[in-house]
Amino acid sequence: MQAFTVEQVRRLERAAMGPQDDGTLMQRAAAGLAAVLADELRTRAGHVYGTHVLVLVGPGNNGGDALWAAARLARRGVRVDAVGVLGTPHAEGLAALRAAGGRVVGTEALAALDAYDLAVDGVLGIGGRPGLPDDVADLVGRLADACVPVVAVDLPSGVAADTGAVPGAAVSAAVTVTFGVAKPCHLLEPARARTGRLVLVDIGLDTSAEEPELDAWDAARVADAWPWPARSSDKYAKGVVGVDCGSETYPGAGIMATYGAVHGGAGMVRFVGPESARATITANLPDVVFAPGRVQAHLLGSGWGERADGDRAVADAVASEVPGVLDADGIGHRPDRLPDSWLLTPHAGELARLLGIERSEVEDDPLAAVRAGAGRTGATVLLKGATQLVARPGVRTVEVAVPGPSWTGRAGSGDTLGGLCAAVLASGRPAHEAAVLGASLQAQTAAAHPGPLPPHVLAERCADRLGAWWQERHP
Ligand SMILES: NC(=O)C1=CN([C@@H]2O[C@H](COP(=O)(O)OP(=O)(O)OC[C@H]3O[C@@H](n4cnc5c(N)ncnc54)[C@H](O)[C@@H]3O)[C@@H](O)[C@H]2O)[C@@H](O)CC1
Ligand SMILES: Nc1ncnc2c1ncn2[C@@H]1O[C@H](COP(=O)(O)OP(=O)(O)O)[C@@H](O)[C@H]1O
Ligand SMILES: [K+]
């Protein structure tokens, strides 16, 4: 799924509308929205006729969509109450709802909120500034307390459409019905969690001339794109990963990075990290070799801590003209510029350090931060976290890995993720694909095996997951 910014959506809508807005797009949006609302009522209440719906109507076209859709429901026998908030509602939409038998009421005249089967959030759309005034936030909070499910029109009001930030009060929707194309807030946390199920209504926008802001992968695409070995491929065709991770202080990082590379399908893993990790690796992964030799992708940096020769270790690996993954403490030892065949895998704190900004700035606008990371270093950058973003230097579109459960966020998960990415990189895939595939595999595996699994066990499950996909593809 691709997402486009507000500026892009406005351009797309203008192109679809022509010189004069004759309301066609709004009618398409309202028709699609009404169909979803009717489906929701049927699923939740068992029927459409006679149900009771509350519509929150803001001052813009988002409220207009909600009013026109509500008028369609009213004509089907739904009892509709509409409350205007933040200003004067869309005049034609209001007239249409009244003509269809809907009521327009003040907040003081509302029925007990738990009498409503559904609420429609038509407060703010792509014209909204993040946050909600107190009175609207209060009404939204009371609807949540009364367990009334909310269907958001275009986006949950209060979230920042382009960044996914939620700096103040915002709606939490069970379903969001969006028009034409998805917006970044539908794909980026924390707004994504407030979007609920996303339904895309086609209103006839032609996106072919716009480069998407985001390109989000799904499970089927990950399985299709995985570097499956050919019948004839030997260990070198699958690829050799050289792991220089861990330290005397953090031997576990070297072990977990190695687990990731092995279970991500590397043809061979050479471990050149600290002595203290080797006995455990041999005991658990006897296929790992310790002799230096040919490597097709490097993996460096996880668990290094303070490393006196870190600059030299990274410089030597880069000079070998083999691609690599540079993680955690290793990122601080990077040269000024890296080739885009190298993948940096920072979390928000590490990316903030790289950019010389506060962690909160990365968290407030992760999209801008991950792009800046790629621009600054020349490398491909995977920003880890609840949403995993991949940016390439000189490429506008940021890729989004398949998201997973938050169980994954624990010490060591990043080390195994580095190993998974390095395994894909060693097979000859470009760094951005290695990042998306590794991160998506880890997330999807965690989703299929919920629970607080230690990262090395989750790595083993990743191999099972690849096996299951393989069997589906070779029945
Ligand atoms: N432009 C088009 O062709 C289409 C637009 N559509 C709908 O129109 C929406 C965009 O409509 P608008 O551009 O009118 O924008 P909105 O409906 O999002 O709201 C804009 C209005 O809200 C006010 N406002 C914004 N943030 C506020 C805040 N935090 N507190 C108080 N007031 C605030 C603004 O001053 C402005 O009056 C889309 O999200 C979509 O729902 C759809 O009908 C499809 C077609
Ligand atoms: N809320 C979350 N939901 C899903 N995955 C998460 C979440 N938080 C972190 N992760 C994932 O967990 C891993 C943590 O990596 P990192 O922070 O580098 O940990 P460490 O350095 O201790 O291994 C990354 O793969 C990250 O994307
Ligand atoms: K809305």
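Visitor: Which residues does Asp121 touch, not counting residues up to four places away in sequence?

Guide: Heads-up: this is a predicted model, where local features need pLDDT of at least 70, side-chain atom pairs count only at pLDDT 80 or more, and totals for chains, interfaces and linings use all residues. Residues are numbered from 1 along each chain as its sequence is written, chains are lettered from A and ligands numbered from 1 in the order in which they are written, and side-chain values use heavy atoms, with hydrogens and water left out. Touching means heavy atoms within 4.5 Å. By that rule, Asp121 touches Leu56, Asn62, Val150, Val151, Ala152, Val153, Leu155, Pro156, Ser157 and Val171.

Visitor: Is Asp121 buried or exposed?

Guide: Buried means under 20% relative accessible area, exposed over 50%, and partly exposed in between (1.4 Å probe, protein chains only). With a relative accessible area of 1%, Asp121 is buried.

Visitor: How much of ligand 2 does the protein bury?

Guide: An oxygen atom of ligand 2 is 3.0 Å from an N or O atom in the side chain of Gln442. Taken alone, ligand 2 exposes 570 Å² (Shrake-Rupley method, 1.4 Å probe). Of that area, the protein buries 79%.

Definitions and conventions
A polar contact is a pair of N or O atoms within 3.5 Å; within protein, one must be able to donate a hydrogen and the other to accept it, and residues adjacent in sequence count only if both atoms are side-chain atoms.
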